[in-house]
Amino acid sequence: KEAIKNSGIKSTEKYKTGLISATSVGGMVNTEKYYLSNNVKDGSIDYVNTHNAVKSTELIANSLGIKGYISTISTACSSAANSIMLGARMIRSKKLDRVIVGGTDSLAKFTINGFNSLMLLSEKECMPFDANRSGLNLGEGSAFLVLESKEVINKEKKKIIANISGYGNANDAYHQTGSSEKGDGAYLAINKAIKTATIDTKDIDYINMHGTGTNNNDISEGIAVKRIFDTVPAFSSTKPYTGHTLAAAGAIEAVYSILALNNNVIFPNLNFKKEIPELNLKPVTKVTYKNINHVLSNSFGFGGNCTALIFSKNE
């Protein structure tokens, strides 16, 4: 609702409007309460019906009055980034005039126990790209953006806050929960995004890294970035602010990326002290102001799902 109000939409029926929402655990935060007791009396059946990932998308669509294209994406931690990518492609192919994209995830016991069993949770603050990092912090949240065609923007005389100029996804095809040692999936996705944006690697002014703070992710992502950029641009992970919000992460970090563009600011990578020896890369550790025209935002998930988005200033 905030996104729709911010974009000045008066009616969701005026143009071909779609909703693409992302989630990984769906309504499990509620349904898992009834697993052991098998108690579906006294109205609790309503919670059980919210278990599937599609239900939250349907509820959002009904609330907003969207009756056109409706879809749900669940590709682990790249889910929301893929919803943004699909939305942009739907508009470019003229299948939609306007699409609301983003993601949401609740913090369920299933999630906590799952990451704990993988020994990926840190007992201290998340320290992305630090030599002494020990894992991620989980968070929960949601973010949505409104994408519109140039035709709609011109008719409605709207101000553009950012362009989705590039996008790409690829599968690492390495391990169910780990990234390859050379960051192959990330490498392919980022290269696709840069190619789609028709820009050069030197045009990227800031990278909002996936940066989970786990041993595997940070090295893999760092190596992928070093393979692509002769000189690695200014970068940081914003997950120490939010925790890892899983399916919502790509949309939340898209908002960070657009804020960076609009305010010419790089948000610091909290809790960093020492470079990872294998990378010799140092993130931005202080609020930094510089001219920013293109931001690369990375989102990588279990199952090898790797997605990269590029947000650019309106020219």
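**The surroundings of a helix**

Guide: The cover over the buried residues of α4 includes α1 (2-6), β1 (17-22), β2 (70-73) and β3 (98-105). Helices (H or I, at least four residues) and strands (E, at least two) are DSSP runs, numbered from the N terminus, and contact means heavy atoms within 4.5 Å. This is a predicted model, in which local features need pLDDT of at least 70 and side-chain atom pairs count only at pLDDT 80 or more, while totals for chains, interfaces and linings use all residues. Residues are numbered from 1 along each chain as its sequence is written, and side-chain values use heavy atoms, with hydrogens and water left out.

Visitor: Which residues of helix α4 are buried?

Guide: Buried means under 20% relative accessible area, exposed over 50%, and partly exposed in between (1.4 Å probe, protein chains only). In helix α4 (residues 53-64), the buried residues are Thr57, Ala61 and Leu64.

Visitor: Where do they lie around the axis of α4?

Guide: They lie on the same side of α4, because their arc around the axis is only 70°. The arc is that of the directions from the helix axis to the C-beta atoms. An α-helix has 3.6 residues a turn, so residues three or four places apart point the same way.

Visitor: Which residue caps the N-terminal end of α4?

Guide: A polar contact is a pair of N or O atoms within 3.5 Å; within protein, one must be able to donate a hydrogen and the other to accept it, and residues adjacent in sequence count only if both atoms are side-chain atoms. Asparagine 52 is the cap here, with a side-chain oxygen 3.0 Å from the backbone nitrogen of valine 54. After α4 comes glycine 65, with a positive phi near 75°.

Visitor: How many aromatic pairs does the structure hold?

Guide: Rings of Phe, Tyr and Trp (its six-membered ring) pair if their centres lie within 6.5 Å; planes under 30 degrees apart count as stacked, over 60 as edge-to-face and the rest as tilted. The structure holds four such pairs. One of them joins tyrosine 256 and phenylalanine 267 edge-to-face, at 5.4 Å centre to centre and 70° between the planes. This pair links distant parts of the chain, with tyrosine 256 in helix α11 (residues 249-263) and phenylalanine 267 in the loop between β8 (265-266) and β9 (288-289).
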